[in-house]
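Open the model in your viewer and keep the sequence panel beside it. We will go from stop to stop, selecting as we go.

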Amino acid sequence: MLPRERRRLSGQARKLEGPDVRSSRVHRGTWTTRRPQAATTRSSAASGTPRLDDVAGLIKREDVDAVRDKARIEEIVGEQVTLRPAGVGSMKGLCPFHDERSPSFHVRPQVGRWHCFGCNEGGDVISFVQKIDGLGFSEAVEYLAGRVGIQLRYEEGSGPRRTEEPGKRQRLLEANRIAGAYFAEQLLSPEGAAGRAFLAERSFDRNDALHFGIGYAPKGWDGLLKHLRGKGFTEAELTASGLVSQGNRGIYDRFRGRLIWPIRDVTGETIGFGARKLYDEDQGPKYLNTPETALYKKSQVLYGIDLAKRDIAKNKQIVVVEGYTDVMAAHLSGVTTAVATCGTAFGSDHVRFARRLVGDTSAGGGVQLAGGGSSGGEIIFTFDGDAAGQKAAMRAFGEDQKFYAQTFVAVEPSGMDPCDLRQARGPQAVQALVEGRQPLFEFVIKTTLATYDLDTAEGRVAALRAAAPVVAGIRDTALRPEYARMLAGWLGMDGESVLRAVQSAGRGQGGQSSQQRGNDRGRPSGTEQSGDGGSRLPGADTGDGFQRPSQSDPIARLERQTLEVILQYPHHIPAAAVDDLPGDAFTVPAWRAVHEAIRAAGGLATAAQRQDSEWVGLITEECSPPVLALVNELSVAPLPEDRPGAIDDYVQGVVRAFVELGITRKIGNARSRLQRLDPVTEAEAYNQAFTDLLTLEQQRREIREQGARD
Ligand SMILES: [Zn+2]
């Protein structure tokens, strides 16, 4: 939805934007042309000279290791995915790389790795950044190095060098950073008065502007252009940044004579701008945003997400408002989970992103009916009370019903948006608006009913006819009968006839409806695999070249558990116990391949000298891609033991059981050999085999006794 025409207000609300409000709520002298100290925050501190020289060379190995070690994977991943504890040392959330409703994306911070049991993607913190931002390896390392404050060094002769295309991320971020600082400074210039007045009319003061990084783009054609050229940016880079437009006589500033909102990603990097026109003579659209660039994808961008992210995850709630000033008003009113789309409707990419942040929402279905709340996360939309706004609301919910049970609508009866509301009635009114949210279906059905006169029998019948298809269209089979009952209540009709009307409306919608219903019960095939950690199809060929054994095979299971603890808790295991295992200790080919990689990496003797987080990385260097995927999966897999104090016992127990299994196997071999030997004609060999057998049995006894002692 477009950041909307602010003047589309009732006369009452319009009056409130008049001069009296301005003088009473915003103190004169709030705005000065003196550059406030706080303006030298992130943007200008980070800008300085463009980093022409820091792009992809060959980064020194130690530095890559240092970055990997210092960048906390749960933090970096946590910016994109809300993670919740999942057993000891393990966290999980909704996978950002495939569409799912129950979390199968696991992170094991101690080991420094992530793995999705749904789509089988996985890796370390660097590969996560690469994948989520579409970066090359060096770029991802550079980004993380910047985050954790590590100065990278490059191999002699290989770098630093300038290999990047003008559209590359670091340069674009730099251009946006510098542009943001430039605009913010211009807001305080004499020409910026129009922008300051716009803010003041809406009761935003200088601190608010600083908080949101608001700026002003001067009317001239090349103010920013000259500024960026002076910082060393080329024409190609400027074009790629979306900050300039292409005209007949070259490039010129895209934003002119406008108030500017920097649009940032979850990590707080400015990736684009939203700009509102301030002057009547401006022939352009009311709102103008950065065009699609390598950084700015409007279908994914949410204004305010950098500020709202933490509270969205904490409160399991995201509030979607319509415009930049609504986001500001909401945050300043204490609704710190507010975001807005930029120049587009809230689409499927936004939905996925929002659900990932809100967390596992699948549990919420139906629960909302009881008290208006939801046990899962909540996505709350605020819309205008007017017909156009409601229509837009209903259209916004088009075909994708996946998150409907967690979707709520907050409508202000008099049609005021959060920005108006804050001005007219103060911050509490904005909070009350959000608190008064109603479930989406309720909103849609009641909106439908509102157009009929329910005081007459004819009106009620017509209303039922109009509302029944809405209820029939609810694909969640648990919710549909609930709403049919509620509809009966709202209409004051008996439940039976309403149910019949809904059923007949459902038939009217054809086979599509039943197909959708089926889809809703089971998981959509293909797109969403099992969400439970480790419960991949037993015995299935996973496409990575290994036949995976059934989980019900106790030996295969023990082998898997042994590898899990070797990868996850190397320091809890006596090195010799594992390093003495022969190459054929594992019988399942997939697990044997992992064991080979462990041996190639030097075994637990090597692990003893390394951090847990380095250990798996060393092993992955010894792996072919199919084995790497296995290593990754095992190193992140949740363990059956979920009591922190019991992990050590679990690890020891698994290893002991596995070692014992190996000895038992040898004992079996020794026995059968003994039976094949003739104690008379082959006395020497027989005696040797007999001694071996006794030794093995003694070993097994010791292990069992040790287990009983611990
Ligand atoms: Zn996945």
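## First stop: two loops

Select Ser 203, which sits in the loop between helix H9 (193-201) and helix H10 (206-212). Helices (H or I, at least four residues) and strands (E, at least two) are DSSP runs, numbered from the N terminus. Residue numbers start from 1 along each chain as its sequence is written. This is a predicted model: local features need pLDDT of at least 70, side-chain atom pairs count only at pLDDT 80 or more, and totals for chains, interfaces and linings use all residues.

Ser 203 has a positive phi of about 65°, although it is not a glycine. Is Ser 203 buried or exposed? Ser 203 is buried, because 22 other C-beta atoms lie within 10 Å. The cut-offs: buried means 20 or more other C-beta atoms within 10 Å of the residue's own, exposed means 12 or fewer, and partly exposed is in between; C-beta atoms are placed from the backbone.

Now select Lys 316, in the loop between helix H13 (305-315) and strand S13 (317-321). Lys 316 is not a glycine either, and its phi is positive, near 50°. With 21 other C-beta atoms within 10 Å, Lys 316 is buried.

## Second stop: strand S9

Select residues 258-264, strand S9. How many of its 7 residues are buried? The count is 7 of 7. Arg 258, Ile 260, Pro 262 and Arg 264 point one way from S9, while Leu 259, Trp 261 and Ile 263 point the other way.

Two strands pair if DSSP finds at least two bridges between them. Look for Tyr 216 opposite Leu 259.

Pro 262 has Phe 273 in S10 as its bridge partner. S9 and S10 make a hairpin with 5 residues between them. In the turn, Gly 268 has a positive phi of about 95°.

From Thr 270, jump to Glu 174: their C-alpha atoms are 8.9 Å apart, although 96 residues separate them along the chain. Glu 174 belongs to helix H8 (residues 169-186). Glu 174 counts as buried, with 24 C-beta neighbours inside 10 Å.

Select S1 to S5. These 5 strands form an open sheet in the order S1-S2-S3-S4-S5, with antiparallel pairing. Strand S1 (84-85) and strand S5 (122-124) are the edges, each pairing on one side only. S1 is joined to strand S2 (residues 91-93) by 2 bridges. Arg 84 has Lys 92 in S2 as its bridge partner.

Select helix H18 (residues 418-425) and helix H19 (residues 427-435), whose axes come within 6 Å and cross at roughly 135°. Axes are lines fitted to C-alpha atoms, for helices over the stretch in contact, and angles run from 0 to 180 degrees between N-to-C directions. H18 and H19 are therefore oblique to each other. Angles under 35 degrees count as roughly parallel, over 145 as roughly antiparallel, 65 to 115 as roughly perpendicular and the rest as oblique.

## Last stop: confidence

Color by pLDDT, the predictor's confidence in each residue, from 0 to 100. The chain averages 79, and 78% of the residues score at least 70. Confidence is highest in S6, at 98, and lowest in helix H3 (residues 42-47), at a mean of 34. Where pLDDT is low, the predicted coordinates should not be read in detail.
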